[in-house]
Amino acid sequence: MTWELIQQQLKYVETNSVFYREKFQQLGISVDKLLPKDFTKFSITTKEELATRNKDFICVPKSEIIDYVTTSGTLGEPVTFALNEADLQRLAANEEKSFQLAEVTLEDVVQITTTLDRRFMAGMAYFLGLRKLGAGLVRVGSGVPELQWDSIKRFQPTYLVAVPSFLIKLGKYAKDHGIDCKNTSIKAAICIGESLRDENFKLNALGKKIEELWGIELFSTYASTEMSTAFTECEAHEGNHILEDLIYTEIVDEQGNLVKDGEVGELVITTLGIETMPLVRYATGDLVKKITSPCKCGRQGARLSSVLGRKKHLIKFKGTSIYPPQITEALADWPGIDLHLVKVSTSEVGTDHLEVILPNSFPKEELATLKPHLRAKLRVVPEIVFWEFEKLQQTVFNPKHRKPIRFIDERTQGDKI
């Protein structure tokens, strides 16, 4: 069945996409004669191609386009995406299935703590999915802890949709205002934008902090604007389920070859059923593992691990290869470090220089034990730098960005995540 869906998408883009029609002609490939084993002959579509030839990916007349959004820009400048009515209906179906995986029912009320504006696809997706499912919803939007808690008290939601670090912020507000996070209507949170679990499905340091603070069930998700699809945990919490009727996934190595199941590689996706801007063998830049062992929930199909790193964000510091999530995990595991920033730049001799930036309120006497902790976790010790709390707070929680900025890459082709 999946191959039939892939063929349908290939025929569609061959007819309607300027970009893919040219690519197929250059490769000398006829979609009608293509066999499943030949699918990997298609060269991988890159983020750079999507950015520089953006309009050539559009397959429908402008008059059909209903919604314009942009990517979050975590690996470069934001890229424009457009959706027609069919794409919005598909988006709703995707999120309905995702919420069902997280056990949301008609009896639940879901409070959305992410923005529905600012060209953000996910906020609209949650709204459409909950409408299709028929669950109640509260559209609070991002930020404003006071309004979030007022909404929890007023509407008694059972689920939150939130960025994990924002749940920590909400918890701190609650503590400062005499609110008991463990004594509310909230029974679970659907977490977006940041990983909650390690490659063995165990809660990472961030997830443990949230669990300790709130005492609720946490569902991890993984998604992106380009995919228009979400990968969501079920009640077994053993990987994010792949909606195989909406997206085809491959995990590849540095040379673009498929890795064995269970090995880490870059996620390459082909969207299924997209009309406006479908993608074929698109490299996401995210490093994950595919899990093919049966899930305890009984659902069929494979799953993905949490994102273990981003291909372009590999840091080589003092002979050791590190990804930013490893550093964030090591810092989150240290009591009292709730605000930090990781920065990599190029040294005078052309090597990667790694810094961990902490607020100047951090007790300096703890450095004697923090550094051995980092060495044990990372095998190296980054340079520790201190900033004023306000400066660090504004950098990490920049209102111009939809997600907290935890990593700044100041190398030649760097970026922020």
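**Sheet, helices and cores of the predicted model**

In strand E9, asparagine 240 is the bridge partner of glutamate 233. This pair belongs to the antiparallel pairing of strand E8 (residues 229-233) with strand E9 (residues 240-241), which extends over two bridges. The structure described here is a predicted model. Within it, E8 and E9 are part of an open sheet of nine strands with mixed pairing, arranged in the order E4-E3-E5-E6-E7-E8-E9-E14-E13.

The loop between E4 and H6 contains valine 144. Most residues other than glycine have a negative phi. Valine 144, however, has a positive phi, near 50°.

Helix H7 has 13 residues. From its first C-alpha to its last, H7 reaches 19 Å, close to the 18 Å expected at 1.5 Å a residue. Its buried residues are Pro164, Ser165, Phe166, Leu167, Ile168, Leu170, Gly171 and Ala174. These buried residues pack against H6, E5, E6 and H8. Just after H7, a positive phi of about 70° is taken by glycine 178.

Helix H8 spans residues 205-214. At its start, the backbone nitrogen of leucine 206 lies within 3.1 Å of a side-chain oxygen of asparagine 204. In H8 the buried residues are Ala205, Leu206, Gly207, Ile210 and Trp214. An α-helix has 3.6 residues a turn, so residues three or four places apart point the same way. The elements that cover the buried residues of H8 include helix H6 (145-155), strand E5 (159-162), helix H7 (164-176), strand E7 (217-224) and helix H9 (324-332). Just after H8, glycine 215 has a positive phi of about 65°.

The largest nonpolar core comprises 45 residues, of which Leu10, Tyr20, Phe39, Leu50, Leu267 and Leu304 touch the most other members. At least two residues of this core are supplied by each of helix H1 (2-16), helix H2 (18-27), strand E2 (80-83), helix H4 (85-101), helix H5 (121-133), strand E10 (247-252), strand E11 (265-271) and strand E12 (282-288). H1 gives the largest share of the core, five residues. Apart from this core lies another, of 39 residues, which includes Ala102, Tyr126, Phe166 and Leu170. Phe166 and Leu170 are also among the buried residues of H7.

The contacts of leucine 267, a member of the largest nonpolar core, were also examined. Neighbours within four places in sequence being left aside, leucine 267 is in contact with Tyr222, Met227, Thr249, Glu250, Ile251, Tyr282, Ala283, Thr284, Gly285, Asp286, Val288 and Leu304. Leu304 is itself one of the core residues that touch the most other members.

How values were computed: Residues numbered from 1 in each chain as written. Predicted model: local features only at pLDDT ≥ 70, side-chain atom pairs only at ≥ 80, totals over all residues. Heavy atoms only, no water. Buried < 20%, exposed > 50% of the residue type's maximum accessible area, 1.4 Å probe, protein only. Helix = DSSP H or I, 4+ residues; strand = E, 2+ residues; numbered from the N terminus. Contact = heavy atoms within 4.5 Å. Polar contact = N/O pair within 3.5 Å; in protein donor to acceptor, adjacent residues only side chain to side chain. Core = buried A, V, L, I, M, F, W, Y, C linked by side-chain atoms within 4.5 Å. Pairing = 2+ DSSP bridges. Expected span 1.5 Å × (residues − 1).
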